Amino acid sequence: KYKRGEKAAAGTRLSGDRYQSWLENADWDTIDALTAFGAERGHSLLDVAIAGLAARPAVASVIAGATSAEQVQSNAVAGAWEFGAEEVAALDTLLN
């Protein structure tokens, strides 16, 4: 929901002026690459985050917060995506 070079939408967690530097200093190249990784596979950045964490052997559980029923449903769908070996390797390349 946050975009490179744009202010956060009103009402979002990072919409306050004190958070503007967080958005300005975010690693947008990596965020864009991860977004593209998901889109190429028909998934969102949220899906990449949750499924990518779940694919890590050291991660026993992914705990994602939600403030609406829609977010709970999106989190559940994301958790159902199981990365194959090629996706894990591709994700590792993007993150390293």
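**Around helix α3**

Let's start in the middle of the story. The buried residues of α3 have a cover that includes α2, α4 (69-80) and α5 (85-95). Keep in mind that this is a predicted model.

Which residues of α3 are buried? They are Asp-47, Val-48, Ile-50, Ala-51 and Gly-52. Two of those names come back in a moment.

Look at the N-terminal end of α3. Ser-44 caps it. A side-chain oxygen of Ser-44 sits 3.3 Å from the backbone nitrogen of Leu-46.

Now the core. The largest nonpolar core has 7 residues. They are Leu-34, Phe-37, Val-48, Ala-51, Trp-81, Phe-83 and Leu-91. Which elements give two or more residues to this core? Those are α2 (28-40) and α3 (45-54).

Please find Val-48. What does Val-48 touch, once we leave aside neighbours within four places in sequence? The partners are Leu-34, Phe-37, Gly-38, Leu-53, Trp-81, Phe-83 and Leu-91.

Let's zoom out. The protein has 5 helices and 0 strands. Along the sequence, the pattern reads α-α-α-α-α. The C-alpha trace spans about 40 × 30 × 25 Å along its principal axes.

How much of the protein is buried? Of its 96 residues, 22% count as buried. Next, contacts along the chain. Take those between residues at least 6 apart in sequence: 56% of them join residues at least 24 apart.

The accessible surface is about 6,700 Å². Carbon and sulfur atoms hold 54% of that.

And charge. The protein carries 8 positive and 13 negative charges.

Last stop: Ala-69. This residue lies in helix α4. Is Ala-69 buried or exposed? Its relative accessibility is 58%, so Ala-69 counts as exposed; the cut-off for that is over 50%.

How far is Ala-69 from Ala-36? The two are 33 residues apart along the chain, and their C-alpha atoms are separated by 26 Å.

To recap: α3 has buried residues covered by elements including α2, α4 and α5, and Val-48 and Ala-51 belong to the largest nonpolar core. That's my tour. Over to you.

Notes: Residues are numbered from 1 along each chain as its sequence is written. This is a predicted model: local features need pLDDT of at least 70, side-chain atom pairs count only at pLDDT 80 or more; totals for chains, interfaces and linings use all residues. Side-chain values use heavy atoms; hydrogens and water are left out. Helices (H or I, at least four residues) and strands (E, at least two) are DSSP runs, numbered from the N terminus. Buried means under 20% relative accessible area, exposed over 50%, partly exposed in between (1.4 Å probe, protein chains only). Contact means heavy atoms within 4.5 Å. Accessible areas come from the Shrake-Rupley method with a 1.4 Å probe; for residues, only the protein chains shown count as cover. Lys and Arg count as positive and Asp and Glu as negative; His and the chain ends are not counted. The place of a charge is taken as NZ of Lys, CZ of Arg, CG of Asp or CD of Glu. A nonpolar core is a set of buried Ala, Val, Leu, Ile, Met, Phe, Trp, Tyr and Cys residues joined through side-chain atoms within 4.5 Å. A polar contact is a pair of N or O atoms within 3.5 Å; within protein, one must be able to donate a hydrogen and the other to accept it, and residues adjacent in sequence count only if both atoms are side-chain atoms.
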